[in-house]
Structure formats: structure tokens, C-alpha cells
Amino acid sequence: MSETPKIEIRSLRKSFGSNEVLKNINLDVAKGGVVALIGPSGSGKSTLLRCINLLVVPDGGSVRVGDTRFAFGGGAKLPDVKTLAKFRATTGMVFQHFNLFPHMTALQNVMEGPVTVRRMPKANAETLARAQLAKVGLAEKADQYPATLSGGQKQRVAIARALAMEPDVMLFDEATSALDPELVGEVLNVIQQLASEGMTMVIVTHEIAFAREVADRLIFMRDGVVVEEGPARQVIDSPKESATRAFLGHFHRTGALPPANATT
Amino acid sequence: MYQWDFGILWSYRWLFLNGLGVTVGFTIVIVVCGLLFGLLGAFGSLSRFKALRLTALAFIEAFRCTPILVQLIWFYYALPILAGVEMTPITASALALSLYGGSFYSEIIRGGIVSIDRGQSEAGAALGMTPVQTMRRIVLPQAIKRMIPALMNQSIIQFKNTSLVSVLAVPDLVYQSQVAAHDSYRPLEIYTAVAVAYAAILIPLTILVRRGEKRLAVGE
């Protein structure tokens, strides 16, 4: 692609203590592109995702999203809290465990970013929040507290909350891993809809069939390095590396999700 | 068989009322100031800066690990000699009790804050909130609910600890009843009445807080 990528990550390194989690990672995501990150637990994919919005501060390399670029290591000064906050406001993130604010209703959860961060008047924020809730199919749940919602509904509220900041980029950190199997579909549908609207997304997932369907690029990580990357269908259907083949062998290669009673 | 005579209490009613006023007023002061010291101690011990953390820790442990009676006497008698700081008995005891309470409040507040799942502050940060906004909008509203029972407990202890200020001749309820007991030779009636007075104030208060807690628990 000749266009400048929306997200550009160069020589990214991160260690927790003596454990090197990311070793020299490079990643480009085109505007409107959907990249799926897959790999076994401990491969560094979640850490990589968290480095994109700097929830985890890298030790070295650089991260650029849109026009904002940060360099790390080699004596580079760490960004201050105001700069970080401003940067994160332009990227939406969805977490494995939803992390909804339990003391607020669904509507208040979605309004929180616009009101507190963007200083939007409450009335405008409410209109925006109701529109986002309608978009994820939860308009009628606006006044309920998270504790009364199902897992799938919670995650859709969390997506609406991220979208209410009108981000340039959405990051999904195993957004369906904590859900009961029958609730996975409703969340994946929302993500798929976002993809078709041209949202730039990076998705950490274990839903291989979904990644094949929605992502245009796929990255397989293991032990902190990118083992294989390429067009999602190509990597999933005919992986080149033996490590990728071994990992994908744990999943049903094509078709729909495995039946709920299947043992993997 | 002891002949109870609660009738004698009536003649000391103004003394008791005076003492009760001092006790209640004192409690309000030391709970409010104690909570302020507690907030400082808690945020200090959670600070990114090591010097602040160590200062907060030194304050908390110095006051938490020494007896309040010793602190009271120390503030009133030792500070004038060592530091040349002269204080009235009321100032000395208000300060000692506030700092003593503050050290316990610090730990309650800190414990409440760290008990909130990290994912909550991560979600705030991911939305673009600064750490201060996340603390104010997301973490504290949830943490305060968890702190309330423990804060109430500590405040009850603070209320009863005010009885110790009688050692510095601050005229609280206990001090005034000592006066009345010496005067009337009826300590049994007088101290029974004092115990009832403390309980009569505290029990309705605890009921009120329990109700408030239930109302706050909405949505969880």
C-alpha cells in the first residue's frame, strides 16, 4: 500500500524485569485496515496491543498513530501524563474483562469519556451516547447498571463507550475470551460491522474463524517475535512456518466456530 | 445489697451536658482533621515519589504503633520542653487524636483505593483520562463505598478515645463525671449514666450509616 499507514510500530521492545516480552516488533496498519494478532498465551500479543495506546510504556522503538509519534529508549524523555491522556483519547480500547464502571449506568458509562475528557455538554454527550448504544443494539438498556447485563451486553456497552470518544483506531484485547460461547456471536457481529464501516482496528483474538473472516492481515506471534504475517486467509489456510501450523492445528481450520460441546 | 440512686444525677445535669458538648465537639474536630490527615497519608503512601511514600509511612507507623495515651502526654508535656512549642491541653489533645486517627484512616483509605481492580483505572486511562480524573471519577466513588464501614468503625473508636483527654484536664464528659463522682460519692450511678450516654449517641449513628451503606450499594 502506498498510502502512509495509520499505525506504524518500529523496533518495539519491552521487558518486564528479566522477561523480554517484545523483541524488536515492527507493525503497520493501513487506514481502515483490520489486523488480527494471534498466538499462544505469553506470546506478547496483548502487551503489543497495550503498547499501541501506551497503556504499557515500551522500553525501546517507536509508536506512531495518525500524526502522533512517540520514541522510547536511548535517553528519550517519557511523555508526561497530559500528553499520554490526549493521545489515548484518540484510540479506543476494549478489554477482555469489559472493565465497565460498575457505579454508573450503561448510558453514564458511555457518556463518561465525552463529558470528562472531551468536556462535552451533558445533553450533547447523552445524545451521542444513546446513538452509540443504539448502534450496538442496546438502546433499551441505557438505564441499567452493568451488574444486571449479560457478558455479551457488557462487552457491547464497552465497545459503545470506546466509540463515544470517536476514535481513529480501535484496539480489541481478547474481547470475547471471557464470554459464554453463546454470547460470542453478538460481540463479533458488532466488531464486524465496525470493520465494514472502515474503522482501523487491531484485534487480539483466539477466534481464528472470525479473524479469517474479518481481518485483512494476520500476525502470528510467539515468544515476543512475529513468526509469520500476511493476508489473513492465506496465513490461516496455508501457513508457511511450522510454529504457525502447530498453533493453528489446535483450532478448526475453516468454517464456523466449533460446536459448544466440542472439546479442544 | 447496693442501693441505686439515679436521682442524684439530676443535680449534675449541667455538668454532664457541658461535658457531653465538649466530647461531641471534640469528636467532630478529630474526625474531620483525622480524615484530612488520612487522605494525605493515603495519597502519600500511594505516591510515585519515594520521599513522599517514606514520609507517609513514617507518619502512619509512628502514630499507629504507639499508644494514644502516651501520645497525648507526649504532645502536652514533651513538645514544650523539646521543641519549645507550648500548647493548651485542648490543642495538644486535638492534634494528638487527629494524627492518631489519621494514621488508621490512612490505611483504610489506601486499602480501599488499592482494592479497586486495576482494569478500572486502565479503562479510564484508555478513554483519555488523566490519573487525577481517573481517581476522582472512577476509583474513589467505588473505593469510598468499600471504606465506609471501616471508616465508621474507626470514627466510633475516635469518639470513645476522646475520653482519654481527661488526663490533660480537658473538661469532656468523662472528666466532668470524675468531678461529679468525687463530689457525690456515687461513682456507680455516674459512670453507668456516662456509658449509657456514649451508647445513646453511637447506636443511632451506626443505624444511620448502615442505612446509607445500603442506599450506596445500588447497582452492585
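B:Arg186 is partly exposed, at 22% relative accessibility, whereas B:Glu189 is buried, with a relative accessible area of 0%. Here buried means under 20% relative accessible area, exposed over 50% and partly exposed in between, with a 1.4 Å probe and protein chains only. The two side chains meet in a salt bridge, 3.0 Å from N to O. A salt bridge is a side-chain nitrogen of Lys or Arg within 4 Å of a carboxyl oxygen of Asp or Glu.

The model is predicted: local features need pLDDT of at least 70, side-chain atom pairs count only at pLDDT 80 or more, and totals for chains, interfaces and linings use all residues. Residues are numbered from 1 along each chain as its sequence is written, chains are lettered from A and ligands numbered from 1 in the order in which they are written, and side-chain values use heavy atoms, with hydrogens and water left out.

**Salt bridges**

Over all chains the structure holds 21 salt bridges. Four of them are listed here.

| Pair | N to O distance |
|---|---|
| B:Arg186 and B:Glu189 | 3.0 Å |
| A:Arg130 and A:Glu126 | 3.0 Å |
| A:Glu213 and A:Arg233 | 3.8 Å |
| A:Arg50 and B:Glu122 | 2.9 Å |

A:Arg130 and A:Glu126 are four residues apart in helix α4 (residues 122-135) of chain A, so about one helical turn separates them. Helices (H or I, at least four residues) and strands (E, at least two) are DSSP runs, numbered from the N terminus. A:Arg130 is partly exposed at 35% relative accessible area, and A:Glu126 is partly exposed at 31%.

The side chains of A:Glu213 and A:Arg233 also form a salt bridge. This pair links distant parts of the chain, with A:Glu213 in helix α7 (residues 208-214) and A:Arg233 in helix α8 (residues 232-237) of chain A, 20 residues apart. A:Glu213 has a relative accessible area of 48%, and A:Arg233 one of 42%. A:Glu8, A:Arg10, A:Asp28 and A:Arg64 are linked in a salt-bridge network.

**Interface of chains A and B**

In chain A, 26 residues are in contact (heavy atoms within 4.5 Å) with 22 residues of chain B. The buried area between the chains is about 2,000 Å², with 64% from carbon and sulfur atoms. Buried area is the accessible area (1.4 Å probe) that two parts lose on being put together, summed over both. A:Phe101, A:Pro102 and A:His103 supply 25% of the area that chain A buries against chain B, more than any other three residues.

Two salt bridges are counted between the chains, and one joins A:Arg50 to B:Glu122. On the side of chain A that touches chain B, the elements giving two or more residues are α2 (81-88), β6 (91-94) and α3 (106-117) of chain A.

**Helix α5 of chain B**

In helix α5 (residues 118-127) of chain B, eight of the 10 residues are buried. Among them are B:Glu122, B:Ala123 and B:Leu127. The buried residues of α5(B) pack against α1 (45-52), α2, β6, α3 and α5 (151-163) of chain A together with α6 (131-161) of chain B. After α5(B) comes B:Gly128, with a positive phi near 100 degrees.

**Annotated range**

An unreviewed UniProt entry carries the annotation "domain: ABC transmembrane type-1" for residues 16-209 of chain B. UniProt positions are given in the numbering used here, feature names are shortened, and annotations may be inferred rather than shown by experiment. Over residues 16-209, chain B is 84% helix and 0% strand, with the end C-alpha atoms 27 Å apart.
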